[in-house]
Amino acid sequence: MKKISVRQCGMIIVMCIFANKILLMPSLMYQQTSADSIFVLITLFLLDFVMLPIFIKLKESYPDKKLYDILKDKLGVVITKIIYIAMLCFFFFKCLLVFSVTYVYFKQQIYQDEFIFMALIAFLPVINHAVISGVRAFSRTIELFFGVVIAGFIVCLVISLFTPISTPDFFISSGKEFFSALYNHIFAFGDFIILFLIMDRIEIKKGQAKRLYFYSIFAMILVVILFYLFYAKYQITAFMHNNALADLLVFSVQFNAIGRLDIIAMLTIMFITLFQMEIFNYAFCDCFVNIFPLLNKNYSIVVFDILFCILYYVFIGRYETMVTSALFWLPYLAIVINYLLPIVLLVILIIRRRKIEKKDKNLV
């Protein structure tokens, strides 16, 4: 089996960390905790970051085993399939949320009208091909465009410095508002879960694991800077601006003789969204194949496309419904996947370590 490198794995992490955080989330968070949303963001990042050492230790303990096989051996087939069904729903709704938020952004900025059929025709074949080609193929594509995406992201941050900004007011929200925001936005996180799902396809040589920490911290810092600059620019009206990365360029889209610069944000968001949907679609299809081993990837792709198109009329067609779901009932699913699953894996690691230590003592 062809595996992906630590570098490619790190880039997948970066794309997942950007998911659902660089457009609508700063505005939604501001409605609850104002500029203190930065601290909510950092707290959720820290909770997510705990998953990385668990993943690295699990990979070291089971270097070539699939997550499904590990869970099946330790928990049984039924519980493992239940966990995979939960992950399948988790990644599907993540993909749905990414698309709905980005779709509204492009509809407002470019088309000024509905273009859903054009959007579906444009992106579905691309992300379906990514699933068929495999994680190695689309990770190499991400690797090819990674420098362009990061450069575009940083340029947007830098250009915002040429507009009026001032230090936001911090520590003005209550503890209840803070913890409420933690819960409401938890679904947008869980960025390292994809690593557990593809752990058997990742090649980590000795001493390379620390590079995953670098990519993770780098992406988190960029998102925190985005939040800070966004709140520094829109201290009162942040709740009205639903496209944070693009809105940083408002009032600065004309720059000397260069012309409109908002095209930089548009292209950056387009690439990031496409890569994120490829990752989440692949995760959905991988879960589907493990739940139904008699069916192959082609069936999983068909199921994904049909569900996606049907639920468009339920969620994406009603933008507020999708956002409300992500804030109120999808966090229940996120708690199971983001925290309970890593805890289960940590317990498996602890039990395995104790068995090894006991065996070593008996040998002595």
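Trainee: How do the residues lining the largest cavity divide into nonpolar, polar and charged?
Mentor: Bear in mind this is a predicted model: local features need pLDDT of at least 70, side-chain atom pairs count only at pLDDT 80 or more, and totals for chains, interfaces and linings use all residues. Residues are numbered from 1 along each chain as its sequence is written, and side-chain values use heavy atoms, without hydrogens or water. A cavity is a set of points on a 1 Å grid over the protein atoms alone where a 1.4 Å probe fits but cannot get out, and lining residues have an atom within 4 Å of a point. Counting Ala, Val, Leu, Ile, Met, Phe, Trp, Tyr, Cys and Pro as nonpolar, Asp, Glu, Lys and Arg as charged, and the others, Gly among them, as polar, the lining has 17 nonpolar, six polar and one charged.

Trainee: What volume does the largest cavity have?
Mentor: The structure holds two cavities of 30 Å³ or more. Taking volume as the space filled by probe spheres set on the points, which are joined across faces, edges and corners, the largest cavity comes to about 260 Å³.

Trainee: Which residues are the closest to its centre?
Mentor: Helices here are DSSP runs (H or I, at least four residues, numbered from the N terminus), and H2, H6, H13 and H15 each supply at least two lining residues. Of the 24 residues in that lining, the closest to the centre are Asn 20, Lys 21, Leu 24, Leu 97 and Val 101.

Trainee: Which element gives the most to the lining of the second largest cavity?
Mentor: That cavity has a volume of about 30 Å³, and its lining includes Phe 90, Phe 91 and Lys 94. Two elements give two or more residues to it, H6 and helix H10 (193-197). With three residues, the top contributor is H6.

Trainee: How many of the residues of H2 are buried?
Mentor: Buried means under 20% relative accessible area with a 1.4 Å probe, protein chains only. The buried residues of H2 are Met 25, Pro 26, Ser 27, Leu 28, Met 29, Tyr 30 and Thr 33, and what covers them includes H3, H9, H11, H12 and H15. So H2 is mostly covered, and of its nine residues the buried ones number seven.

Trainee: Which residues does Thr 80 contact, leaving aside its neighbours within four places in sequence?
Mentor: Thr 80 is found in helix H6 and is buried, with a relative accessible area of 0%. Contact means heavy atoms within 4.5 Å. On that basis the partners are Tyr 68, Leu 71, Lys 72 and Leu 75.

Definitions and conventions: 1 Å grid on protein atoms, 1.4 Å probe; cavity = no way out; pocket = protein on both sides within 12 Å on 5 of 7 lines; lining within 4 Å. Buried < 20%, exposed > 50% of the residue type's maximum accessible area, 1.4 Å probe, protein only.
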